[in-house]
Amino acid sequence: MYFPDEEVSFIGEDIAESYDGWRMFFDGAANFKVVGIGTVLVSEIGQHYSVSTKLRFPCTNNMAEYEACILGHKMDIDMNIQELLVIGDLDLLIHQVHEEWATKNSKILPYLHHVHELRKRFTNTKFQHVPIIQNEFTDALDALSSMIQHPNKNFIDPIPIKIHDQPTYCAHVEKEADGKPWFHDIKEYLAKGECPEFANPIQKCTLQRLSNNFFHNGGILYRRTPDLRLLRCVD
């Protein structure tokens with residue numbers, strides 16, 4: 001019997017990065033409720049074209065993998081791609097397509113024949129097995145498709161995926177006009193118990209309320225956090 005160790009950490013060459021042509025990643029996810037499949041087409045310059053589909057018919061995990069593989073092939077044909085590296089994490093499918101393992105399952109045979117027919121539309125196709133850790137993008141797509149509730153009649157717009165390198169807000173402290181640190185009034189209030197002479201009643205009330213969250217010790221001002229830790233206040 002053959003038991004692929006898909007969850008074992010992978011150390012070695014990333015075939016997806018070493019190949020400079022068009023690449024197609026595919027994956028399928030089947031559970032006791034729903035089935036989702038996903039495929040990602042990557043161009044020579046790294047442009048990603050992704051598709052995610054939810055299957056509403058009884059389907060095994062192996063059938064889902066073939067559904068994803070065929071979905072990706074049809075996408076490649078529509079884009080008139082001639083040479084392609086097909087990448088998946090199901091070793092069984094790769095060996096069956098290469099005719100290295102016999103295929104006797106009556107549910108899988110039609111899928112296998114269809115894949116062979118689709119391969120004839122290309123000048124050259126190669127199938128490569130990779131560990132699941134190198135197939136995370138399509139794994140996330142099929143999981144997403146299997147989890148969300150698709151409307152029956154409405155169209156779902158493409159879901160954009162962006163990368164943010166910094167928070168959406170910018171936290172900053174403006175320079176005080178008098179040149180003193182922003183916490184000067186709080187520190188003075190804790191040390192002397194007096195508000196600035198120029199403060200109005202609302203500012204005095206605010207200063208008294210804010211001071212409850214601060215702690216003054218040894219000339220250093222700290223702010224208390226909800227878990228009772230102390231954050232040192234700096235200029």
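## Reading strands and helices

Tutor: R224 stands opposite L230 in strand 8. Start from that pair. Keep in mind that this is a predicted model.

Student: Strand 7 and strand 8 pair in which sense, and over how many bridges?

Tutor: The sense is antiparallel. Strand 7 covers residues 220–224, and the pairing with strand 8 runs over 3 bridges.

Student: What is the order of the strands in this open sheet?

Tutor: The order is 6-7-8. The sheet has 3 strands, and the pairing is antiparallel. Now look for the edges. Strand 6 (214–217) and strand 8 (230–232) each have a single partner strand, so one side of each has no neighbour in the sheet. From one strand to the next, the twist averages 35°.

Student: Which helix lies across strand 6 and strand 7?

Tutor: Helix 6 does. Its angle to strand 6 is about 65°.

Student: Now another set of strands. How do I read the side chains along a strand?

Tutor: Start with the rule. In a regular strand, side chains alternate between the two faces of the sheet. Now the case of strand 2. V35, I37, T39 and L41 point one way, while G36, G38, V40 and V42 point the other way.

Student: Are those residues of strand 2 buried or exposed?

Tutor: Both sets are buried.

Student: Which strands pair with strand 2?

Tutor: Take strand 1, residues 23–30. Strand 1 and strand 2 pair in the antiparallel sense over 8 bridges. In that pairing, A30 stands opposite V35. Now take strand 3, residues 48–55. Strand 3 also pairs with strand 2 in the antiparallel sense, over 8 bridges. There, Y49 in strand 3 is the bridge partner of L41.

Student: How many residues lie between the strands in the hairpin of strand 2 and strand 3?

Tutor: There are 5. Within that hairpin, G46 takes a positive phi near 95°.

Student: On to helices. At what angle do the axes of helix 2 and helix 4 cross?

Tutor: Roughly 20°, and the axes come within 10 Å. Helix 2 is residues 61–78, and helix 4 is residues 109–119. Angles under 35 degrees count as roughly parallel, so these two helices are roughly parallel to each other. Their crossing is left-handed.

Student: Which residues meet between helix 2 and helix 4?

Tutor: From helix 2 come M63, Y66, E67, I70, H73, K74 and I77. From helix 4 come Y111, L112, H114, V115, L118 and R119. By class, the residues of this contact are 8 nonpolar, 2 polar and 3 charged.

Student: At what angle do helix 6 and helix 7 cross?

Tutor: Roughly 75°, with the axes again within 10 Å. Helix 6 is residues 184–192 and helix 7 is residues 201–211. The range from 65 to 115 degrees counts as roughly perpendicular, so helix 6 is roughly perpendicular to helix 7. D185, I186, Y189 and L190 in helix 6 meet L207, Q208, L210 and S211 in helix 7. That contact has 5 nonpolar, 2 polar and 1 charged residues.

Student: Step back. How many helices and strands are there in the protein?

Tutor: There are 7 helices and 8 strands. The protein has 235 residues, and 34% of them count as buried. Then check how far apart in sequence the contacts reach. Among contacts between residues at least 6 apart in sequence, 63% join residues at least 24 apart.

Notes. Residues are numbered from 1 along each chain as its sequence is written. This is a predicted model: local features need pLDDT of at least 70, side-chain atom pairs count only at pLDDT 80 or more; totals for chains, interfaces and linings use all residues. Side-chain values use heavy atoms; hydrogens and water are left out. Axes are lines fitted to C-alpha atoms, for helices over the stretch in contact, and angles run from 0 to 180 degrees between N-to-C directions. Helices (H or I, at least four residues) and strands (E, at least two) are DSSP runs, numbered from the N terminus. Angles under 35 degrees count as roughly parallel, over 145 as roughly antiparallel, 65 to 115 as roughly perpendicular and the rest as oblique. A crossing is left-handed if the near helix is turned anticlockwise from the far one by less than a right angle, and right-handed if clockwise. Contact means heavy atoms within 4.5 Å. Ala, Val, Leu, Ile, Met, Phe, Trp, Tyr, Cys and Pro count as nonpolar, Asp, Glu, Lys and Arg as charged, and the others, Gly among them, as polar. Buried means under 20% relative accessible area, exposed over 50%, partly exposed in between (1.4 Å probe, protein chains only). Two strands pair if DSSP finds at least two bridges between them.
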